[in-house]
Amino acid sequence: MIKKLDKWCDIDWIIFICVTGVITAVAAAIFWDKMPLGAQGAVFVAIIMPFHVLEEWKFPGGLHYFYNVLLGPKEAGKQQLDRFPMSRLTDMITNVGLQWIPLIYLIFCFFTNLSNAAALCMMLLCFIEVLAHTGAGTLTYIWLKKDGKKTIYHPGFATSWMLFLPSGIYLLAHLQNVTANDWLWCIILFVIMMLICIPLTETPLKKWVIKQDQGMFAFADAKYYKKYPNFGKKK
């Protein structure tokens with residue numbers, strides 16, 4: 001079972017979210033004019049996530065390496081930069097959640113008055129992605145400037161600016177009659193999504209992953225950061 005899960009966490013789940021993104025895009029193209037703004041925001045996120053994941057994991061990939069250098073153990077002997085605290089398992093669940101939870105919110109928009117709240121929630125997610133990847137890119141530039149890094153690029157940076165940012169601006173420009181109640185529900189929806197996708201996923205699972213055989217749920221290499229062999233010592 002663990003080996004099957006490890007296999008799923010390699011490429012299969014990425015194919016799954018790509019297929020989900022295509023289906024979502026086709027459905028949205030047909031029903032766009034009938035969709036409330038919150039549903040449109042959910043569509044944006046669900047379609048963007050496959051591109052974002054491909055940049056973070058494959059082209060060029062390497063987000064995990066930065067994450068594990070930043071948040072993993074400081075002692076070199078305790079570091080497992082290929083799978084702790086971010087492993088293929090934890091990041092898979094996080095990213096699948098960030099695609100599918102918005103799709104659940106999309107359904108809510110058709111049957112409740114949560115459209116504005118969902119739109120605000122998706123807008124916040126879009127802008128936070130931009131801020132997070134810009135901040136991470138700036139940090140790695142500071143760390144690696146002496147090692148030859150010339151830009152603030154960071155895996156996930158391009159799709160954040162080219163896809164998440166325009167989507168967030170679109171939602172902001174089309175929001176109407178936003179109330180305090182909309183903001184309250186926005187915060188509730190956002191907190192639920194973040195709790196499911198990050199701490200509730202990572203806290204128990206990262207400890208479980210590290211107990212598995214060496215290499216299980218591990219990333220193959222540092223990808224983008226492979227060109228900076230001293231990166232793990234930069235903290």
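Both Arg 88 and Asp 6 are buried, where buried means under 20% relative accessible area, exposed over 50% and partly exposed in between (1.4 Å probe, protein chains only). The model is predicted, so that local features need pLDDT of at least 70 and side-chain atom pairs count only at pLDDT 80 or more, whereas totals for chains, interfaces and linings use all residues. Residues are numbered from 1 along each chain as its sequence is written, and side-chain values use heavy atoms, with hydrogens and water left out.

The side chains of Arg 88 and Asp 6 form a salt bridge (2.4 Å, N to O), defined as a side-chain nitrogen of Lys or Arg within 4 Å of a carboxyl oxygen of Asp or Glu. This pair links distant parts of the chain, 82 residues apart, with Arg 88 in helix α4 and Asp 6 in helix α1 (residues 2-31); helices are DSSP runs (H or I, at least four residues), numbered from the N terminus. The count of salt bridges comes to three.

A second pair is formed by Asp 12 and Lys 7, whose closest N and O atoms are 3.2 Å apart. Asp 12 is partly exposed, with a relative accessible area of 24%, while Lys 7 is exposed at 54%. In the salt bridge between Asp 221 and Lys 226, the closest N and O atoms are 3.9 Å apart; Asp 221 counts as partly exposed at 28% relative accessibility, and Lys 226 is exposed at 55%.

Ser 87 lies in the loop between α3 and α4 and counts as buried because its relative accessibility is 1%. Not counting residues up to four places away in sequence, Ser 87 touches Val 209, Phe 217 and Phe 219, contact meaning heavy atoms within 4.5 Å.

Technical notes:
Helices (H or I, at least four residues) and strands (E, at least two) are DSSP runs, numbered from the N terminus.
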